[in-house]
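Dear colleague,

I am passing this structure on to you, and below it you will find some notes on what turned up when I went through it. Please have it open while you read.

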Amino acid sequence: MALAMTTLALYGAGGAALATSLVALRRRLELSRAKHRSLAGHARIARRLATFVPFYDYDAERFFCSDGAPAEVTASRRIGFERLSALYRSRFAETIRCTADAASGISDLQFTDAYRVPFQYSRYVRDHLPSAAFMQSSAGVTVTDLDGNRFYDLTGSYGVNVFGYDYYKEAIERGAARVRELGPVLGLYHPVIVENVALLKEISGLDEVSFHMSGTEAVMQAVRLARYHTRRSHLVRFCGAYHGWWGDVQPGIGNPLPARETFTLTDMSEESLRVLRTQHDVACVLVNPLQALHPNGSAPTDSALLDSSRRAHFDKEAYADWLKRLRAVCSEQNIVLIFDEVFVGFRLAKGGAQEYFGVRADLVTYGKTLGGGLPIGVVCGRADLMKRFRAERPADICFARGTFNSHPYVMAAMNEFLRHLQTPEAAALYRDLDPTWNKRAADLNNRLLEEALPVEVVNMSSIWTVCYTQPCRYNWMLQYYLRAEGLALSWIGTGRLIFSLNYTDSDFAAVAARFVAAAKAMQRDGWWWDNPALTNKSIKRAIVKETIARRLLPRRHQKHEPLARSK
Ligand SMILES: Cc1ncc(COP(=O)(O)O)c(C=O)c1O
């Protein structure tokens with residue numbers, strides 16, 4: 001009898017263990033299925049593969065014919081390149097000199113300089129089209145370099161510049177005047193903060209606010225709060241989305257450590273919703289609404305522009321519908337839904353992405369422009385989620401500080417910004433935002449089409465990306481032609497153009513004319529060589545071959561020997 005009972009118990013335990021393993025296996029499979037097929041969707045594999053990619057670059061000859069272009073095309077490219085190089089050296093002489101002097105001491109500058117274009121071309125480009133990373137003034141929608149050249153600003157200062165540089169200069173000045181008597185006293189508040197909190201609560205529709213020094217820190221705190229209150233470990237982010245450079249939100253290339261408590265799922269996918277329903281360790285879902293422009297794609301940078309497969313397409317309704325379904329699943333599973341509006345907040349609408357897409361989050365992070373031109377990160381959230389301690393467990397706290405949080409000067413500039421948001425002038429700007437920017441993008445695309453140029457722009461309101469309609473290995477050259485025409489781009493090049501909302505129609509017409517002129521010059525110089533055999537696939541294949549060939553070379557040759565023209 002006892003034996004029979006023991007056997008039964010063992011069977012029972014075995015059965016339960018089997019059932020548990022099957023459930024775990026099913027969850028793993030669901031998780032795998034919810035990963036995006038791209039490398040960006042497989043952070044660990046991407047990180048591992050990245051360590052195998054050897055450095056190689058092209059010599060002065062191969063540089064111009066890496067796509068197998070014939071001699072006459074190559075010659076035309078070379079002449080165009082040399083003309084551009086001479087123009088850069090004369091027109092931007094002082095700015096280039098200053099940049100070169102500073103580069104050895106500024107690691108960020110060395111990094112951005114190395115990654116403006118695909119690495120195979122980078123050294124030759126740096127030698128002949130040196131970067132000019134300094135500016136001395138800004139006015140209206142322009143910035144002026146050390147040589148006195150004025151550029152239309154398409155950098156948007158990483159998205160901070162929503163209302164125009166003159167506006168932020170004034171906001172900083174006026175704000176500073178209001179808090180000057182208190183000065184940089186920290187740990188105690190200037191009364192200006194009271195109105196900031198009230199206005200942020202109203203705008204976000206949430207109960208409480210916390211102040212930080214950057215968007216990255218705001219995201220860190222939002223995730224930490226979600227983990228604290230749900231007592232769960234994992235955060236979910238969507239493939240390609242940027243949320244700052246903190247390790248947990250950057251699980252792939254760029255972070256030396258694996259992010260073990262991060263799931264990267266496919267954006268706008270039923271499989272991902274299934275994972276949220278079945279995984280029990282998900283504390284929060286992070287959404288960067290900018291991904292609506294290129295769901296599952298990483299920030300489009302020209303350093304990855306080796307062919308013309310960059311795609312973007314903005315479908316507001318489809319993304320709003322996705323957010324609604326995501327909202328429902330998060331509510332059902334008690335998962336904290338975080339909108340990371342550090343980039344898009346106050347750019348798409350006064351009430352940010354929540355208002356624009358008609359979906360409410362539990363926590364919202366803001367940053368960039370909200371500081372009125374000064375550094376900032378903010379979390380707004382439901383009262384129960386924002387609490388950093390438990391009354392019934394006094395030692396169980398969720399710690400967050402930051403020496404410069406609520407700095408009086410930042411709070412005052414923010415106050416100027418938030419007050420400006422309440423004005424009829426700001427309301428008018430937001431009213432026609434999308435039609436205005438959609439029309440500008442459509443007009444530019446029509447002109448590009450009329451001129452038979454293989455370039456098009458895709459936009460989400462005032463945030464644009466440039467796509468290329470003909471397979472080509474040299475699209476990244478466009479950023480240099482654009483600069484020559486007086487258009488200032490950020491270091492990621494044509495992947496992201498950000499307009500401030502104070503662009504008038506005539507400002508924009510000037511930008512469009514220069515954009516078309518730049519693309520025409522690039523076409524004349526032969527970079528978009530018309531060859532039916534050249535496809536995005538064939539370009540990718542050629543690059544993989546080059547990489548493998550270089551990898552197979554003995555180590556001592558892998559270093560700095562440029563690839564010569566293929567015979
Ligand atoms: C959506 C988003 N989140 C977070 C960050 C990080 O903000 P910061 O650069 O202020 O740390 C950024 C910056 O670009 C961002 O776009």
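His-294 is found in the loop that runs between strand 7 (282-287) and helix 12 (316-333), where helices (H or I, at least four residues) and strands (E, at least two) are DSSP runs numbered from the N terminus. With a relative accessibility of 7%, His-294 counts as buried, a word that stands for under 20% relative accessible area, as against over 50% for exposed and the range in between for partly exposed (1.4 Å probe, protein chains only). Leaving aside residues up to four places away in sequence, His-294 touches Pro-300, Arg-311 and Arg-496, contact being heavy atoms within 4.5 Å.

Please keep in mind that this is a predicted model, in which local features need pLDDT of at least 70 and side-chain atom pairs count only at pLDDT 80 or more, while totals for chains, interfaces and linings use all residues. Residues are numbered from 1 along each chain as its sequence is written, and side-chain values use heavy atoms, with hydrogens and water left out.

Turning to the helix pairs, the axes of helix 9 (residues 192-204) and helix 15 (residues 408-421) come within 9 Å and cross at roughly 45°; these axes are lines fitted to C-alpha atoms over the stretch in contact, and angles run from 0 to 180 degrees between N-to-C directions. Helix 9 and helix 15 are therefore oblique to each other, since angles under 35 degrees count as roughly parallel, over 145 as roughly antiparallel, 65 to 115 as roughly perpendicular and the rest as oblique. Their contact involves, among others, Leu-199, Leu-200 and Ile-203 of helix 9 and Met-411, Met-414 and Leu-418 of helix 15. The residues of this contact divide into 10 nonpolar, 2 polar and 2 charged, where Ala, Val, Leu, Ile, Met, Phe, Trp, Tyr, Cys and Pro count as nonpolar, Asp, Glu, Lys and Arg as charged, and the others, Gly among them, as polar.

The axes of helix 17 (residues 433-450) and helix 19 (residues 505-524) come within 10 Å and cross at roughly 30°, so these two helices are roughly parallel to each other. Among the residues that make the contact are Trp-437 and Leu-444 of helix 17, together with Phe-508 and Phe-515 of helix 19, and the whole set divides into 9 nonpolar, no polar and 3 charged.

Finally, the structure holds 0 disulfides, a disulfide being a pair of cysteine sulfur atoms within 2.5 Å. For Cys-65, the nearest cysteine sulfur is that of Cys-472, 13 Å away, and Cys-65 is buried, with a relative accessible area of 5%.
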